[in-house]
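Here's a quick tour of the pockets and the overall build. Take a look at the model first.

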Amino acid sequence: MTKPALRMEQVQAPVIPIVGELLRDNPAAISLGQGVVSYGPPQEAIDAISHFLRQPENHKYKLVDGIPELKQALSEKLTNENKISLNNESDIIVSAGSNMAFLMVLMAIADPGDEIILLQPYYFNHEMAAQMCNVHTVAVPTGPDYQLDLDRIHDSITAKTRAVVTVSPNNPSGAVYPPEALASINRLCSEKGIYHISDEAYEYFCYDGVEHFSPGADSQSAAHTISLFSLSKAYGFASWRIGYAVVPKHLVAAIKKAQDTNLICPPVISQYAAVGALRAGRPFVEPKLAALADVRRRVLSILSEDRNGFYTFSESKGAFYFLI
């Protein structure tokens, strides 16, 4: 009898597409279900498309790991903003969003039956990717305000553990992990001979003076730290599907195999637009962040008015979320 693969039947149905179908059927509804900004890409991204169109060769397949112009722009951004210096130990892989980057990384580092550690509450797509790869997820509780509990993480590592996954600023809690906590995770992963996968899709979205920290900035971390980034959030690039990963050199060949099989190459027109977006840079993003911070303050004020104990929430310092 024909039927779907058992591993796919065991994967939860993603709630966001379900909400999307509800919105389609109920046009007057307002969605609070998906993390997207209200603005679109900078004009520089739109202008870059004409440069793409002027070159007929751009309609052919390009390099599997990204066009050189984008990789150079990303390298400069990583050096200047994240303090991640690329060297002979690491490289950039451009992907169709950081979701795809995570899936390809998982395929490159883990075999069926291996384990990865996810920190509760975790991003549901990470669990789904692991299940599709027949990799077991170990859910480790966090502490007060959803901060890292290093002892619990340490005690959850087994001989089958391949990686600890951190998401900071966090989806869905909005928690931002302090530099010393992320550095401790990096050291722990180094000592245990496992990877630290650092998902930094919300890197620009920090509030109240809290600053984002990239674990890959540690000069001793290149061999075991995998850093994931996205243009979807800060640059209003959600549907353009451009993300990127900084990965150890020894994983590049395996990740390229996964990318070539799934995608061949990231959408080249979107890569050109990404070059334009990076040319606009943080000066484009900063006013948007200020407006979002004002919305956050207003929502926080409303939530704080509850005097009947109907709900609790943590005053998140990052991303778009209050977890109520």
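The lining of the second largest pocket splits into five nonpolar, three polar and five charged residues. (Nonpolar covers Ala, Val, Leu, Ile, Met, Phe, Trp, Tyr, Cys and Pro; charged covers Asp, Glu, Lys and Arg; the others, Gly among them, are polar.) This is a predicted model, where local features need pLDDT of at least 70, side-chain atom pairs count only at pLDDT 80 or more, and totals for chains, interfaces and linings use all residues. Residues are numbered from 1 along each chain as its sequence is written, and side-chain values use heavy atoms, leaving out hydrogens and water.

**Second largest pocket**
- A pocket here is an open set of points on a 1 Å grid over the protein atoms alone, where a 1.4 Å probe fits, with protein on both sides within 12 Å along at least five of seven lines; lining residues have an atom within 4 Å of a point.
- There are 13 lining residues, and Glu81, Glu203, Glu211, His212 and Arg282 sit nearest the centre.
- Its volume, the space filled by probe spheres set on the points, is about 280 Å³.

**Largest pocket**
- This one comes to about 1,500 Å³.
- Its lining has 48 residues, with Gln34, Gly35, Val36, Phe320 and Tyr321 closest to the centre.
- That lining divides into 29 nonpolar, 14 polar and five charged residues.
- Helix α11 gives the largest share, seven residues.

**Overall build**
- The C-alpha trace spans about 65 × 55 × 50 Å along its principal axes.
- Of the 324 residues, 49% count as buried, meaning under 20% relative accessible area with a 1.4 Å probe, protein chains only.

How values were computed:
Helices (H or I, at least four residues) and strands (E, at least two) are DSSP runs, numbered from the N terminus. Buried means under 20% relative accessible area, exposed over 50%, partly exposed in between (1.4 Å probe, protein chains only).
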